[in-house]
Amino acid sequence: MKLVAFTSFKGGAGKSTSLMSSVSGLVQAGKKVALFEADQNDPLSTWQTNARAIGTWDESCQIYDGSELDVFIPNMEKAEQNGCDIALVDMRGGDSELNTAIIANADLVLIPTSLTAMDIDGAISVSYTHLTLPTKRIV
């Protein structure tokens with residue numbers, strides 16, 4: 001199962017929205033998607049609740065708790081056992097051991113950003129800080 005991390009160290013950058021848009025394309029392509037909720041604001045759970053209320057939630061998407069490393073790892077294994085093709089992680093804002101571990105182990109890291117010099121510099125800083133670390137697979 002491929003792991004894709006949607007991350008930003010700035011609120012409102014669009015990581016949850018980017019993830020939700022990606023899910024739509026993956027579902028249309030027939031993929032079974034594991035969604036990991038690491039963002040403390042729980043936007044994925046809210047999205048699921050609202051979509052179910054109007055009958056638009058696709059049950060090929062499953063939400064797993066990704067709030068702590070000791071929860072994330074077994075839930076990744078569970079998602080893989082459940083036949084998920086891809087895992088998308090809506091990461092929490094700021095720096096944490098969880099964020100570092102997910103970024104270091106992701107197959108793809110997406111960092112949504114606005115097209116301002118300050119935001120682009122921040123995105124580049126995130127990639128240099130986290131993507132040059134020695135990697136150790138967590139799953």
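Predicted model: local features only at pLDDT ≥ 70, side-chain atom pairs only at ≥ 80, totals over all residues.
Tutor: Residues are numbered from 1 along each chain as its sequence is written, and side-chain values use heavy atoms, without hydrogens and water.

Student: Which residues have the most contacts inside the largest nonpolar core?

Tutor: A nonpolar core is a set of buried Ala, Val, Leu, Ile, Met, Phe, Trp, Tyr and Cys residues joined through side-chain atoms within 4.5 Å; buried means under 20% relative accessible area, exposed over 50%, and partly exposed in between (1.4 Å probe, protein chains only). Here the largest core has 17 residues, and those with the most contacts inside it are Leu 3, Ala 34, Phe 36, Phe 72, Val 89 and Ile 102. Apart from this core lies another, of 14 residues, among them Trp 57 and Leu 88.

Student: Which residues does Phe 36 touch?

Tutor: Contact means heavy atoms within 4.5 Å. Not counting residues up to four places away in sequence, Phe 36 touches residues including Leu 44, Tyr 64, Met 76 and Val 89.

Student: Which residues of helix 1 are buried?

Tutor: Helices (H or I, at least four residues) and strands (E, at least two) are DSSP runs, numbered from the N terminus. In helix 1, the buried residues are Lys 15, Ser 16, Leu 19, Val 23, Leu 26 and Val 27. They cover an arc of only 100° around the axis (taken from the directions from the helix axis to the C-beta atoms), which puts them on the same side of helix 1. The face turned away from that buried side carries the exposed residues Thr 17 and Gln 28.

Student: What follows helix 1?

Tutor: Gly 30 follows helix 1, with a positive phi near 85°.
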